[in-house]
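Me: I would like to go through the structure below term by term and ask what each label rests on. Please set the values against the definitions as you go.

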Amino acid sequence: MHFHHHGYVSGDPRVQPAAGVGIDRPTQLPDEVDVLIVGTGPAGIVAAAQLSQFPGVTTRIVERRGGRLAIGQADGIQARSVETFQAFGFAERIIAEAYRITEMAFWKPDPRNPANIVRSARTLDDPGGISEFPHLIVNQARVLDYFGEFMANSPTRMTPDYGYEFVGLEVAGEGEYPVTVTLVHTAGPDEGRTRTVRAKYVVGADGARSKVRDSIGCTLAGDQANHAWGVMDVLASTDFPDIRLKCAIQSHDGGSILLIPREGGHLFRMYVDLGEVAEDDNGAVRKTTIEQIIAKANAIIHPYTLDVRNVAWHSVYEVGHRLTDRFDDVLPEDLGTRTPRVFITGDACHTHSAKAGQGMNVSMQDGFNIGWKLGHVLEGRSPVSLLSTYSAERQVVAKDLIDFDKVWSTLMAKKPEEFENPSELEDFYVRTAEFPAGFMTEYSPSMIVAELAHQNLATGFPVGKRFKSAPVVRVCDTNPVQLGHQATADGRWRIYVFADGAAAGSPSPTTDLAAWLANAPDSPLAATPEGADADAWFDVKVIYQQDHTGIDIGAVPAVFKPEVGPFKLPYLEKVYGTDPASDIFELRGVDRGGVIVVVRPDQYVANVLPLTATAELAAFFAPVLRSRTRIG
């Protein structure tokens, strides 16, 4: 953690100094804002948390509830999300309180007595070592709490504005604040009164029944629901032996259960199969009582029994798969003629079953994606054209998610005798592990994702996919660290320079690149505002092929040791050597001739280049940076 560069810090270093709009931040919702986010769910809270790192941007997030979420419906946290938590500074704390999934058990009818179930298989949750982070289960409310803490500790001192419900909006063609939003107070002395807020941009994170989506003329389209599930979070006494393991349970004729142990050692969730829904049901299945769900669960797990002592939460839902045709307010006929002003995220864009544990995870990546882009445009780092990449990127991800979930939810609803291969369910779970873990997202070439011209130079860092961490050793203090964990959610681009084999500071392509980065007028670093820290917009790190004992940090070029803070202190923690036990060059297929790996603020690889390709690096960033000259 980086602090003390502005002077001695004796308190909690996670509390950043207030700056910009965070100084004397008004407690009441202003009449005019740069960004208005509607909804404090996973997508909205991550977008707000990212924007909280931009002190010059006025962001407010409104929520119709009167206070924090107490019980969340989502609880599955995939490894990609934990990577994101690391960037926001709370991965270790949330891992400590969460339930960790390491195996999944599969139960099927006993061939000798089909009325009973028996364990048929166990599979490792991450057999291929996809990530160094675990797969977790933790209450959605706690995830929101952690992001809320990050926002409150940020330079902007952001907190949600509770008690406001979105009513509608209008987008004008001109003006500094072209979006007029109508809200209504849902709590307090002003309950029932309307309120108007004008905004430059609006992010709708208001769920599957999104009014923001309706206001921009989007609709969810896709498969109608035809299968119902009862879901319950309960405390119970049971003789079922795998009650603390994630399980897929298939009975002979009673349906299926997906069992998810919860954090805390006692609570668990059950998705209980309620069967096909008749076309003329008209919502009757949603009236299924908790007693009926419990009885159904007992029938499925026979010969074991479930004695429920406490119900924390329960619901009934019907599986449907729906997707909007766009994630912003630009109509198809207007593409290329104007940039968006209103965006939708999360369940407002895509709905599916809960059993793959994807809803919260994919929604958070929606928020991460749009958050940094809005920050860059509003702070003057990037042109408004950057905002058009949000819908283009995230709609493809949502479509892939729905396609995956259709297969998974269909398999979960099948009867055992309907499988051609008895191990089809567990085989699918293992074969597709990378997708639900969140690592199959691969963005296509665009203004922020390069073509694959030099991918062979770093095969383990696929362009368009998330930057996969690996061990290195920090030279200045000899600490072994994960390289990817050193990147925080601060809105900066990362430029990782994987050095050629020459010694630090000696004539080499690495030294030449360092000089170009520091001095060339077409270097991306030249766009850094006058008076700001040298690494304010770009975090440049170097990884040498030698171990730390063979690197003279005094000889390392200055661009890798930027002077920061009012005292202009050299920041030495950007210089790394290889870990002898786990060489990052070998692990990630990095060419020994040296490679530049460019990573976006949301942790996705944007470009891979040889060390000598300065013209290509400049050309890549030219359309991304709004100004090629220093600004004040």
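Reply: Leaving aside its neighbours within four places in sequence, threonine 511 is in contact with Gly505 and Ser506, where contact means heavy atoms within 4.5 Å. The model is a predicted one, in which local features need pLDDT of at least 70 and side-chain atom pairs count only at pLDDT 80 or more, whereas totals for chains, interfaces and linings use all residues. Residues are numbered from 1 along each chain as its sequence is written, and side-chain values use heavy atoms, with hydrogens and water left out.

Me: Why is threonine 511 called partly exposed?

Reply: Its relative accessible area is 21%, and the label covers what lies between buried, under 20%, and exposed, over 50% (1.4 Å probe, protein chains only); threonine 511 is therefore partly exposed. The residue is found in helix α10, residues 509-519, where helices are DSSP runs of H or I with at least four residues and strands are runs of E with at least two, numbered from the N terminus. Threonine 511 and leucine 378 are 133 residues apart in sequence and 35 Å apart in space, C-alpha to C-alpha.

Me: What makes aspartate 24 exposed, and why does glutamine 603 count as buried?

Reply: Aspartate 24 has 74% relative accessibility and so counts as exposed, while glutamine 603, at 13%, counts as buried. Aspartate 24 is found in the segment before β1 (32-38), and its phi is near 55°, a positive value in a residue other than glycine. Glutamine 603 lies in the loop between β28 (595-599) and β29 (605-610), and it has a positive phi of about 80° although it is not a glycine.

Me: How do you know that helix α2 is mostly covered?

Reply: Nine of the nine residues of α2 (79-87) are buried, and among them are Arg80, Glu83, Phe85 and Gln86. These buried residues pack against β3 (76-77), α3 (91-97), β7 (135-137), α4 (140-152) and α7 (359-378). Just after α2, glycine 89 takes a positive phi of about 90°.

Me: Which residues have the most contacts inside the largest nonpolar core?

Reply: They are Phe147, Trp493, Phe560 and Phe621, in a core of 109 residues. A second, separate core has 45 residues, including Trp229 and Trp313. Either set is called a nonpolar core because it consists of buried Ala, Val, Leu, Ile, Met, Phe, Trp, Tyr and Cys residues joined through side-chain atoms within 4.5 Å.

Me: How do you know that the radius of gyration of the protein chain agrees with that of a compact globule?

Reply: The rule is 2.2 Å times the number of residues to the power 0.38, with the radius taken over C-alpha atoms; for 632 residues the rule gives a value near 26 Å, and the protein chain has 26 Å, so the two agree. The C-alpha atoms fill a box of roughly 75 × 60 × 50 Å, taken along the principal axes, and 57% of the 632 residues count as buried. Among contacts with a separation of 6 or more, residues 24 or more positions apart account for 73%.

Me: Which peptide bond is cis?

Reply: The bond from histidine 302 to proline 303 is cis, with omega near 20°, and proline 303 has its place in the loop between α6 (290-300) and β17 (306-318).
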